[in-house]
Every structure is written in C-alpha cells, then in structure tokens.
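Please open the model in your viewer and keep the sequence panel beside it.

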Amino acid sequence: MKHLLDTASLTREDAVAILDIAEEMAQVGEREVKKLPVLRGRTVVNLFFEDSTRTRLSFEAAAKRLSADVLNFSAKGSSVSKGESLQDTVQTISAMGADAIVVRHSAAGTAQRLADTGWIDVPVVNAGDGTHEHPTQALLDAFTLRRALGGFPASGAVKDGPRGKGLDGATVAIVGDILHSRVARSNVHLLDRLGADVHLIAPPTLLPGARRRGR
C-alpha cells in the first residue's frame, strides 16, 4: 500500500516520476474533457482538521479530474467539536467506503499515525501535519522550480517540458521561519534529493536545532 507521508522517504526516482506525471496531467488540463478514468468508482476523503481553502480545493479538483468521488470532512461543526477521537472519526469515514484519505492536522505525525495504527486499511496522503511536513506543497515547489530553471512557463501545459530531470546544479535559498515551517522542512528533503544545493536563511532562533544549542 502506498502512502505519501513525507518527502524524506521519497527516492529521487519516485520524486522525478511524480513530477513527470504532473507534466502529463497539465496536458490533460488543456483537453476539452479534463478527466481520466484512473480512479473511477473510488472514493477519496479529504479529512481536514485545519482550515485550508486552497489545499482542500486542490485535492478535490485533482481527485475529480481522476474521476473519483470526493467526500470533504471539516472538523468544524462535526462530532470532533464534541470530543470524538481521531480513531472514531477515521474509522467511521472508512466504514463509508473510503478508498484513500487525505489528511491535514495541526499535530505533527498524524498522517503517519493513521498509516501505522491499523485503524484503517487505505492509502494516506499527508496534506500538512503540524510543523512536520507538507509534502505535496514541496512537490509543487519543485515542479515550479524545474520548469522555471529549464526556461519553461511555471504553469500550464508544456508539450516538451523538463521530463526526467531533477534540479542538479541549482542553488536554492529558503528564507524565513524554518523552525516552524512544515513546507520548508519538506522542501529541504525533496530539493536535496533532486540534486539542488539548499541554503537556509533565518535568525538563529528560527533555525532547527537552535533551541537545543541554547541560542
């Protein structure tokens, strides 16, 4: 069973393959019928315990483009607000026939927990968990960088795009609150795996390990 829980576990080959598939999907977006039957008859659940309009809509659009049925769950107004546990929530949703779950949660490690506990038996995609990781955002950043550094438009369909390539030879600086950024953490793992030279720029107190060094 495949899970996308973090970028640290992706091999270079896996990452490049995902980026290449994204290039193919961009071509699909230019067709009159913007759908593929890959997930026809399957149900994807967007399980969001944090608010995020763009991320949720992106996952919903992607699943529908692959012909899946989509169920959107929001913690607000649900039984979670009355104290229902994570286990109860996911098992209830799984019993409704979920074939995959996309989860976004404020607690680091939530996606891994769903994948490992045995509560459910479906693929899990991490849409952001606390300050841990946001792998799909990092993949989007890598997709954009690969396009831009190759001299291609950052978005839209490109017939002869940068397929099969990583980011070898590129120097990328990530600036900001690195310590608390799940996107930065995912980018560090992924961009390094793709061959980029990654530099972190932040005050010492906003870099990983700063607290342990007593700064």
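This is a predicted model: local features need pLDDT of at least 70, side-chain atom pairs count only at pLDDT 80 or more; totals for chains, interfaces and linings use all residues.

Residues are numbered from 1 along each chain as its sequence is written, and side-chain values use heavy atoms, with hydrogens and water left out.

**Stop 1: around helix 5**

Stay on helix 5 and colour Pro135, Ala138, Leu139, Ala142, Phe143, Arg146 and Arg147, which are buried (under 20% relative accessible area, with exposed meaning over 50% and partly exposed in between, for a 1.4 Å probe and protein chains only). Then show helix 1 (12–28), strand 4 (124–129) and helix 6 (182–193), which are among the elements that cover these buried residues.

**Stop 2**

Next display the open sheet, whose 4 strands follow the order 2-1-3-4 with parallel pairing; two strands count as paired if DSSP finds at least two bridges between them. Strand 2 (69–74) and strand 4 stand at the edges with a single partner strand each, so one side of each lacks a neighbour in the sheet. On average, neighbouring strands of this sheet are turned by 10° against each other, direction ignored (axes are lines fitted to C-alpha atoms, for helices over the stretch in contact, and angles run from 0 to 180 degrees between N-to-C directions).

Select strand 1, where 6 of 6 residues are buried. Thr43, Val45 and Leu47 point one way, whereas Val44, Asn46 and Phe48 point the other way, and all are buried. Strand 1 is joined to strand 2 by 6 bridges, in a parallel arrangement, and the bridge partner of Val44 in strand 2 is Val70. Moving to strand 3 (residues 100–105), you will find 4 bridges to strand 4, again with the strands running parallel; here Val103 stands opposite Asn126 of strand 4.

**Stop 2: helix 2 across the sheet**

Now select residues 53–65, which form helix 2 and lie across strand 1 (43–48), strand 2, strand 3 and strand 4, running at about 175° to strand 1. Which residues of helix 2 are buried? They are Thr55, Phe59, Glu60 and Ala63, and they cover an arc of only 130° around the axis, which puts them on the same side of helix 2 (the arc is that of the directions from the helix axis to the C-beta atoms). These buried residues pack against strand 1, strand 2, strand 3, strand 4 and helix 5, with contact meaning heavy atoms within 4.5 Å. The face turned away from the buried side carries the exposed residues Thr53 and Arg54. Following helix 2, Ser67 has a positive phi, near 75°.

**Stop 3: the whole chain**

Finally, zoom out to the protein chain, which comes to 6 helices and 6 strands. Buried residues make up 40% of its 215 residues.

Conventions: Helices (H or I, at least four residues) and strands (E, at least two) are DSSP runs, numbered from the N terminus.
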